[in-house]
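Subject: Structure for you to look at

Hello,

Here is the structure we talked about, with its sequence.

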Amino acid sequence: MRHKLCQYLLCITAITTITACGDKSPFKQGVSADCSSEQTQALIPNLIKEQTEKFLKTDEKLNAPAFTNTFNKIDLSKARATVEQIKISVENIRTVKEDPNSTKKFCKATVKLTIPTELLASIEKSVERVQALDSKEKIFDLKKVAQDNGFELNANVATRDFEYNSQSSDDKKQVFVELEQGKPLTTFVAFLSMVDQMANKIEALVSEAKTQEAANQEAATATAKAELDSAQRNNSATRQQINNLWNSMPKDYQNALLAEQKAWVAQKKAQCGAVTAGETPDFNNPDSISKLIGKLNCDTGMTNQRYQVLLSK
C-alpha cells in the first residue's frame, strides 16, 4: 500500500517539473511600460492566474502518468475560485536594465501571495489528512512545495523574488508583460488551488489500496493455512509410520540400533528444529507461518529418509 501511495504522491513532484508558458499579457489603457508603472503591476497578478489555469488544463505537458490519470478531473471552477481568494501583489520593484534598441525593460521584484486565514487553514488540514496516511511521506507538504518553488512561507504570506520584462507597443497604446520565471509562481499557486481536491482523491485511492491489501492478505493467509495443514498432516503420517516400524522390531534389534537412532533424532532436531505437537504460528505474520511449514517439511523429509534406512536393515 505504501508503494501505491508513493506512486500517487508523485503528482506533487510533477508540479515542480512543468515548464510554465511565457505568455505576454497586454494592458490597453495606458502607455507606461516602466517596471513599477500601475499598468505593469496590474498585469502581473492576472498573468499568474492565467498561466495557473493553463497549467491545470494542460495534462499533456506533465509527462507524469500518476498525475494525469488521477487528477485530470480536477474541478477547474473550484480551483479558479480558490485562486481568486489569494491576493497577489508586487513589491520591491527595481529596474535591472533597459534595452537601448526598444522600449523593453527588464525588471526584478518580490511577488507576495496573501492567503486568507480560512483558506490557509483548509489547505493545512488537507495536507495533514494526507500526512496522516503515511507519516514518513514528505512529498505532500505545504512548506516543502513552497521551498521547492523558491517561496518563503510565513504565516499566511508567501513571498519570493522573480523577474519579468515589460514593453510598450509601437503605437504606445498597449503594455506587454512577460514573466521570465513563471514556473515557480504558477506551480505553487496551482498547488494551493487544488490541494483540497487532491487530498480527497488521495484519500479515496489509499482507502481503495487498503481494501485491496486486506483482501490480498486474507487470500495469502488462507493459502498459508492450507499449506500448513498439509505439512502438518504429512508430518504426522510420516512420524506415525516410522513409529509403527520401530515398534514392530524385536527388542534386541531396537537395542542394537538405539544409539544410532538417538544420534539421528539429535541430528534431525539440530537441522530442522524441534517439532511440537499442536504447534501453531502467528497467522498475522507470514514469516511465522513460513518458518513452521519449513520446519515441518524438513522434519518430514528426514523422517522419510530414516524410515527407508530402518526398512532396509
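**Salt bridges and helix packing**

The structure holds eleven salt bridges, a salt bridge being a side-chain nitrogen of Lys or Arg within 4 Å of a carboxyl oxygen of Asp or Glu. This is a predicted model, in which local features need pLDDT of at least 70 and side-chain atom pairs count only at pLDDT 80 or more, while totals for chains, interfaces and linings use all residues. Residues are numbered from 1 along each chain as its sequence is written, and side-chain values use heavy atoms, with hydrogens and water left out.

Helices (H or I, at least four residues) and strands (E, at least two) are DSSP runs, numbered from the N terminus.

**H2 and H4**

Two packed helices are described by the angle between their axes and the distance between the axes. Helix H2 (residues 38-57) and helix H4 (residues 76-85) cross at roughly 155°, and their axes come within 11 Å. Here axes are lines fitted to C-alpha atoms, for helices over the stretch in contact, and angles run from 0 to 180 degrees between N-to-C directions. H2 is therefore roughly antiparallel to H4. The cut-offs are these: angles under 35 degrees count as roughly parallel, over 145 as roughly antiparallel, 65 to 115 as roughly perpendicular and the rest as oblique.

The crossing of H2 past H4 is right-handed. A crossing is right-handed if the near helix is turned clockwise from the far one by less than a right angle, and left-handed if anticlockwise.

Which residues of H2 and H4 meet? From H2 they are Lys49, Thr52, Glu53, Leu56 and Lys57, and from H4 they are Leu76, Ala79, Arg80, Val83 and Glu84. Contact means heavy atoms within 4.5 Å. The residues of this contact of H2 with H4 divide into four nonpolar, one polar and five charged. In that division Ala, Val, Leu, Ile, Met, Phe, Trp, Tyr, Cys and Pro count as nonpolar, Asp, Glu, Lys and Arg as charged, and the others, Gly among them, as polar.

The side chains of Lys49 and Glu84 form one, at 3.4 Å from N to O. This pair links distant parts of the chain, with Lys49 in helix H2 and Glu84 in helix H4, 35 residues apart. Another is formed by Glu53 with Arg80, whose closest N and O atoms are 2.8 Å apart. Glu53 lies in helix H2 and Arg80 in helix H4, so this pair ties together parts that are 27 residues apart in sequence.

Buried means under 20% relative accessible area, exposed over 50%, and partly exposed in between (1.4 Å probe, protein chains only).

**H8 and H9**

The axes of H8 and H9 are 9 Å apart, and the two helices pack at an angle of about 160°. That makes H8 roughly antiparallel to H9. H8 passes H9 in a right-handed crossing. The residues of the contact of H8 with H9 divide into six nonpolar, four polar and five charged.

Gly278 is in the loop between helix H8 (251-272) and helix H9 (286-312). Gly278 is exposed, with a relative accessible area of 69%. The C-alpha atoms of Gly278 and Gln232 are separated by 8.9 Å, and these residues are 46 apart along the chain.

A network of salt bridges links Arg239, Lys268 and Asp299.

Glu91 and Lys112 meet through their side chains in a salt bridge (3.6 Å, N to O). Glu91 lies in strand S2 (residues 87-98) and Lys112 in strand S3 (residues 105-114), so the pair ties together parts that are 21 residues apart in sequence. Glu91 is partly exposed at 32% relative accessibility, and Lys112 is partly exposed at 23%.

Most residues other than glycine have a negative phi. Asn92 is not a glycine, yet has a positive phi of about 50°. Asn92 is found in strand S2 and is exposed, at 51% relative accessible area. Ala155 is not a glycine either, and has a positive phi of about 55°. The place of Ala155 is the loop between strand S4 (152-154) and strand S5 (157-168), where Ala155 counts as exposed at 62% relative accessibility.

Regards
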